[in-house]
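I opened this model to look up its charged side chains. My entries follow.

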Amino acid sequence: MPDTKAVLVIDDDRNMRAYLYDLFTYAGFSASCCDNGPAALDLTKRERFHVIITDYNMEGMNGADITRELRIRCPDSLIIGMSGEQKEKDFFEAGADAFCKKPFSPKKLFSLIQGKLPS
C-alpha cells in the first residue's frame, strides 16, 4: 500500500505500546514502537514517520525532551504528546502539534490526527 501512513509510538508502558500498535495497525497505519527516547531517535535516522506519539514520563529523556529533538529531526511529522498528567504546556513549548490526555478514546486520538496529515 503506497499511501500507508507510518506512526511511531514511544511509551515505556508495554501495554500502552501494544494497545496503540493494534489501534493504528487496525486503522491501516504502518506502526512501530519504542520504549524510550534514545531508541526512538535512533529509529528516526532510518525511517520516516508521518505521526509520532510520545508519552511524557519515561526514564532518561522525558516526552518534552524527545519532542524537542524530534521536531528538529522530523520537521514534517505530526507530533502528539501524551500523558496522564497535565503536560500540555511542556509538549507545546517543545514543539508538539497536539496533546492527548490519558485516558483517551480512540475517537479523540484520531480526531487530533485527522486533517493534519499530508495526503
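**Charge pairs**

I started with Arg71, which forms a salt bridge with Asp97, the closest N and O atoms being 2.7 Å apart. For a salt bridge I took a side-chain nitrogen of Lys or Arg within 4 Å of a carboxyl oxygen of Asp or Glu. Arg71 lies in helix α3 and Asp97 in the loop between α4 (88-94) and β5, so the pair ties together parts 26 residues apart in sequence. Helices (H or I, at least four residues) and strands (E, at least two) are DSSP runs, numbered from the N terminus.

The model is predicted: local features need pLDDT of at least 70, side-chain atom pairs count only at pLDDT 80 or more, and totals for chains, interfaces and linings use all residues. Residues are numbered from 1 along each chain as its sequence is written, and side-chain values use heavy atoms, with hydrogens and water left out.

Next I checked Lys102, whose side chain meets that of Asp55 in a salt bridge (3.1 Å, N to O). Lys102 sits in the loop between β5 and α5 and Asp55 in strand β3, so this pair ties together parts 47 residues apart in sequence. Buried or exposed, I asked of Asp55? Asp55 is buried, at 7% relative accessible area. Lys102 counts as buried too, at 18%. My cut-offs: buried is under 20% relative accessible area, exposed over 50%, partly exposed in between (1.4 Å probe, protein chains only).

I then looked at Arg46, which forms a salt bridge with Asp42 at 2.9 Å between the closest N and O atoms. Arg46 is exposed at 57%, and Asp42 is partly exposed at 37%.
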